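Please look through the structure shown here, chain by chain, before reading on. The briefing below is meant to be read with the structure at hand.

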Amino acid sequence: MFSFVARRILATVPVLLIVAVLVFLLLRLTPGDPAAILAGDAANTEQIARIREGLGLDRPILVQFGIWFGNLLQGNLGESFYYKTQVATLIGQRLEPTLSLAVLTICLAVMVAVPLGILAAWRFGGWLDRALMGFSVLGFSIPVFVLAYILIWLVSLKLGWLPVQGYQRIADGVGLWLYHLALPSITLSVLYIALIARVTRASVMEALGEDYIRTARAKGLPELRVLIHHGLANAAIPIVTVIGIGIALLIGGVVVTESVYAIPGLGRLTVDAVLARDFPTVQGLILFFSFVYVLVNLLVDLSYVILDPRIRY
Amino acid sequence: MRKLIALLAFSAVFGISHAQDKVLRIVPHSNLAILYPIWTTAYMSRNHGYMIYDTLFGTDEKNNIKPQMVESWTESPDHRLWTFKLRKGLEFHDGKPVTSEDVVASLQRWGKRDAMGSALMTFVDRMDTPSADTFRIFLREACGFTLEALGKPSSNVPFIMPKRVADTDPFKQIDDYIGSGPYIFKRDEFKPGDKAVYLKNTKYVPRKEAPSGTTGGKNVYVDRVEWNLALRDAQAQVNALQKGEVDIIEALGFDFFEGAKKDSNIQIPKYSTVNLQYMARFNHLHKPFDNPKVRQAVMAAFDQKQFLQAQVGVKELYNTCASMFTCGTPYGSPAGSDIQSKSNMKKAQDLVKASGYDGTPIVVMKPTDLASIQKLPDVAAQLLRQAGFKVDLQAMDWQTLVGRRAKKDPTDKGGWNMFLTAWQGHDIWNPIANPTMDTRGEASGWFGWGKDDKLLALRAQFMRETDNAKKKKLADEIQSRAFEIGTHVPLGEYSQPMAARKNISGFFITNGNIYWNLRKN
């Protein structure tokens, strides 16, 4: 187990290295000049050239890469061209809103989707199953921003229950934090409820067809115990995998939701950085997202050991 | 006791912050990234500057230059020596007095970055500080725009900073945001892309005059101003205003104007008499716009109304304007504009045929992500095609456009022929500020690089003229020449509506985004 974890962690190094090189090169190939953007609309060509020089963008690409990579090896993601702030600080500032939204969304989605998926599998072909499938299609089809605007109109503007926009830190009060995140989480969770419920339904259905379920029922076990202890437990691996992917995707940026609800998270930061050609910030963010993906995948893999004792690393 | 516990629990759970403060919550027109308004010409940085810094002079609502930090000044009969005395009570946020040394250092720094400041510095022989509250500017020759430069209301504004800050390299950003303005920047609460916070500067001594433009008393009646930098979706902004979660939207989308007018909780305050102007800019370096006859044909084809209807759409928010200097300001005039204002498509087609246009496709850059100007290139492309041009309309994001327009290469090597943009009125209202009037060819500062010695000579005369009537006449001549050679095409003007909750009062004509004198009831 320890050697597996060590090997997986070591394996992340070449992955992050390749990502670093690719992101660096891709950004340099993208049209647009950070210096021209920073200088403002009325700046002249001389001012732009001076700013470019100040940012080190007049140097050969290899030299720029060498400086950036050297800093990276020392754990320094560099300084944002646009905000004149350390990229790590920017990521730190934006992590809480994104992480809060991701965790709340996934918790909500799991709490709703897993029971629904189990029930749909248990009553396969019944009205609940059909309703769930219908909801899944709707959840997959409806664009997040459309759902967001509908919910804002209904819940915030008509009923006045929740705020239209904004984020409050947990430190300002858990209630206030929840009050601001409720609507964005509900909006985002619809897609994940649809996804997780479908996967749960399919996995549990497959498990319910196995011999050990028939044996359990023949032994006279209560149906709830059969469903949870034998059905869900044996169907858990695909569900956990989907949840893991969901968390990684949510941390990787929920740009539309963050924009509509004015949540200053990593998604919005990524868009701003890309639009401003803020190379150090984009590079830092992509590396961070890659790291999160690798980490979540590792945790998902490790969870398999707990969920299925037959698996050994 | 139970009540106290309940209150404490409520506070802990729901959080109570700034409950007693009067907080003005504003949604600015864009994100605030750069906190140093001399380093960039970005309007957001300029607006931030107005919050925390003060200026020597300002421009009032009727576009007259009025003193702000200056108490009195004299001008020698030969117009070469200017002596300024600062008013009493000026103090930086760190408690240190504003001295003439701070002023001179700030002007020197500004003069190295701003176009008008640089022009002024070509006249300046030296500046000195005979006393802590007096500074002098010695000019080599008479300069006709000394006060206009010192009181210029838009980017880059000559904000006054402490000497220690102003002494740093003008091409480096600063990290010391001490000013002497009506608000104090709360650096520890600033989160880029999220919010910027300003506290009332309780030690600020406002002038006695009523506020007008960037002049007069900068009275602050709220404790705190918060700029919501995260709220950038236009619909979400309106939703937040309707629900009372924000107090002011600085730039209300045109699509929401009629709806906001009908909302009983929302007002559309009049804050500006100087409009913004759209323009189409030629690249004078390459075919076909290296030929003035081709440029004239385009001017004839570009009917302002069609651009305004497509881009703004709300009749009460736009007007045609035959002037290259903002209409309604001292140099706004229709002089020489017949080539555009009295033309039609038939004439444009005839001009295209007579121009010798060889069928070179015109690369028009279209920004897809900037709602405020994104429809203009489509109209331009259509009118150009109608006039007989071939058009290559290229879509890109604004930042790509900004990078690409700085390229002097021909179109087959990544260059361009035309882009369209918008200017705040005060950035183009006279021949010195207006960057298209700098016709030094490739040496000129702004993209497009028009070259015309006659216009340059007229501009130089304008800079030296001290008589207002003669200046006006020269401005007309400059504009006539600019229309004759086709520096660019003015495409009409519009007013950018602001929306506010009805409980906000004290709006005045600022001709910009300025937040003093406002009360929240």
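What follows describes the model's confidence, the helices of chain A and the sheets of chain B.

This is a predicted model, in which local features need pLDDT of at least 70 and side-chain atom pairs count only at pLDDT 80 or more, while totals for chains, interfaces and linings use all residues. Residues are numbered from 1 along each chain as its sequence is written, chains are lettered from A and ligands numbered from 1 in the order in which they are written, and side-chain values use heavy atoms, with hydrogens and water left out.

**Confidence**

- The model scores ipTM 0.83 and pTM 0.88.
- For chain B the mean pLDDT (the predictor's confidence in each residue, from 0 to 100) is 93, and 96% of the residues of chain B reach 70 or more.
- Over residues 1–17 of chain B, however, pLDDT stays under 50, and for this stretch the model has 15 contacts (heavy atoms within 4.5 Å) beyond four places in sequence.

**Helices of chain A**

- Chain A has 13 helices and 0 strands, where helices (H or I, at least four residues) and strands (E, at least two) are DSSP runs numbered from the N terminus.
- Along its principal axes, the C-alpha trace of chain A spans about 85 × 55 × 35 Å.
- Helix H5 (residues 87–122) of chain A and helix H13 (residues 279–307) of chain A have axes that come within 9 Å and cross at roughly 55 degrees; axes are lines fitted to C-alpha atoms, for helices over the stretch in contact, and angles run from 0 to 180 degrees between N-to-C directions.
- H5(A) and H13(A) are therefore oblique to each other, since angles under 35 degrees count as roughly parallel, over 145 as roughly antiparallel, 65 to 115 as roughly perpendicular and the rest as oblique.
- Residues making this contact include Val87(A) and Leu90(A) of H5(A), together with Pro280(A) and Phe288(A) of H13(A).
- Helix H6 (residues 127–141) of chain A and helix H8 (residues 174–208) of chain A have axes that come within 8 Å and cross at roughly 135 degrees, and H6(A) and H8(A) are therefore also oblique to each other.
- Among the residues making the contact of H6(A) with H8(A) are Leu132(A) and Phe140(A) of H6(A), and Ile193(A) and Arg201(A) of H8(A).

**Four-stranded sheet of chain B**

- In chain B, 4 strands form an open sheet in the order E5-E6-E8-E7, with antiparallel pairing; two strands pair if DSSP finds at least two bridges between them.
- Strand E5 (70–75) and strand E7 (124–131) of chain B stand at the edges, each with a single partner strand, so one side of each has no neighbour in the sheet.
- From one strand to the next, the twist averages 15 degrees.
- Strand E6 (residues 81–86) and strand E8 (residues 134–139) of chain B pair in the antiparallel sense over 5 bridges, and Phe84(B) has Phe135(B) in E8(B) as its bridge partner.
- Helix H3 (residues 100–111) of chain B lies across E6, E7 and E8 of chain B and runs at about 165 degrees to E7(B).

**Seven-stranded sheet of chain B**

- Another open sheet of chain B has 7 strands in the order E10-E11-E12-E1-E13-E21-E14, and its pairing is mixed.
- Strand E10 (183–185) and strand E14 (266–267) of chain B are its edge strands, each pairing on one side only.
- E10(B) and strand E11 (residues 195–200) of chain B run antiparallel and are joined by 3 bridges, with Tyr183(B) opposite Lys200(B) in E11(B).
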